[in-house]
Amino acid sequence: VYHGWHERMTDGLAPLLQCADEQQHSYESIMVARHALGILLIVLVAFIWVAASQLITSIFKDESFDHPYFLTYFNTCGFALWLLGALCKKSWRAQLTNRGPSVQVSAADAADVGASTTKQVGLRTYTRVALAICPAWMLANYLFNVSLDSTSVASNSMLSTTSNLWTLIFSACFLGDRINPLHVLAVVFAMAGSTFVATSDADSSSGHNTWHGDLLALVSACVYGCYTVMLKYCLPDVDSEVS
């Protein structure tokens, strides 16, 4: 009797186990595909970044339009075009109202205001955060564009990657993030590569002084790291659609 009952239970559970295995395999396949897509997007962003830097250099030198502040201001104003997406996408419109995504708040803060542990993010929050981080964004991009007028695109691009170092330092100091040894190792490699490229650029400049542009690119990376930490500080737990 026991063996017969055991066989019937095994036969009944077999389809469920098979379905669970199929779901697990499907989930793993989706995660692999998403990881591959993420890497592809990173490569695409790097390509667009370098191409844009080359285009800016061409505008400054070949077209004799040496106005980095105007270029920075014009490009930053272009972000306003994203607001047109609110006309087509309902979730974007919801972010500009009190029906926007929820942000987790601490239990102490919730107790102080006598509310729940979530609060809504709306137009006032976006305005306050934008006013706080926009100066850092403008300054980082302005220094980035100015540096392209005094150094090569290679040096500019490599020195800009040192923003990882500043982000790591600022996040540890102001956000209390723990420093991962792997992150430190990655930053060390990035800094080493930036140093080699900057040194090589100085040696091959043929008398043209590039230290000014290299320094501006480095300061730009520092300000961009500050901007990244400010964004995380102002919107710590908001859904990725907000940014």
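**Close-up views of a predicted helical chain**

The chain holds nine helices and two strands. Helices (H or I, at least four residues) and strands (E, at least two) are DSSP runs, numbered from the N terminus. This is a predicted model, in which local features need pLDDT of at least 70 and side-chain atom pairs count only at pLDDT 80 or more, while totals for chains, interfaces and linings use all residues. Residues are numbered from 1 along each chain as its sequence is written, and side-chain values use heavy atoms, with hydrogens and water left out.

**View 1. The whole chain.** From the N terminus on, the order of elements is α-α-α-β-α-β-α-α-α-α-α. The chain has 243 residues, and 26% of them are buried. Buried means under 20% relative accessible area, exposed over 50%, and partly exposed in between (1.4 Å probe, protein chains only). Contact means heavy atoms within 4.5 Å. Take the contacts between residues at least 6 apart in sequence: 71% of them join residues at least 24 apart.

**View 2. Helix α5 against helix α9.** Helix α5 covers residues 123-148 and helix α9 covers residues 211-234. Their axes lie 8 Å apart, at an angle of about 160°. Axes are lines fitted to C-alpha atoms, for helices over the stretch in contact, and angles run from 0 to 180 degrees between N-to-C directions. The angle therefore makes α5 roughly antiparallel to α9. Angles under 35 degrees count as roughly parallel, over 145 as roughly antiparallel, 65 to 115 as roughly perpendicular and the rest as oblique. The α5 crossing of α9 is left-handed. Left-handed means that the near helix is turned anticlockwise from the far one by less than a right angle, and right-handed means clockwise. Residues making the contact include Ala132, Leu139 and Phe144 of α5 and Gly213, Val219 and Met230 of α9. By class, the contact of α5 with α9 has 19 nonpolar, three polar and no charged residues. Ala, Val, Leu, Ile, Met, Phe, Trp, Tyr, Cys and Pro count as nonpolar, Asp, Glu, Lys and Arg as charged, and the others, Gly among them, as polar.

**View 3. The largest nonpolar core.** Which residues make up the largest nonpolar core? There are 11: Val129, Ile133, Ala136, Trp137, Ala140, Leu143, Val146, Leu216, Val223, Tyr227 and Leu235. A nonpolar core is a set of buried Ala, Val, Leu, Ile, Met, Phe, Trp, Tyr and Cys residues joined through side-chain atoms within 4.5 Å. Helix α5 gives the most to this core, with seven residues. Another core, of six residues, lies apart from it and includes Phe60, Leu71, Leu148 and Val153.

View 4. Thr125 lies in helix α5. Is Thr125 buried or exposed? Thr125 is buried, because its relative accessible area is 19%. Thr125 and Leu235 are 110 residues apart in sequence, yet 9.1 Å apart in space, C-alpha to C-alpha.

**View 5. Helix α6 against helix α9.** The axes of helix α6 (residues 153-160) and α9 come within 8 Å and cross at roughly 30°. So α6 is roughly parallel to α9. The crossing of α6 and α9 is right-handed. Ser155, Asn156, Leu159 and Ser160 of α6 meet Asp214, Ala217 and Ala221 of α9 in the contact. The contact of α6 with α9 has three nonpolar, three polar and one charged residues.

**View 6. Helix α7 and its end.** Helix α7 covers residues 163-175, and Ser163, Leu168, Phe170 and Ser171 are buried in it. Gly176 follows α7, with a positive phi near 75°.
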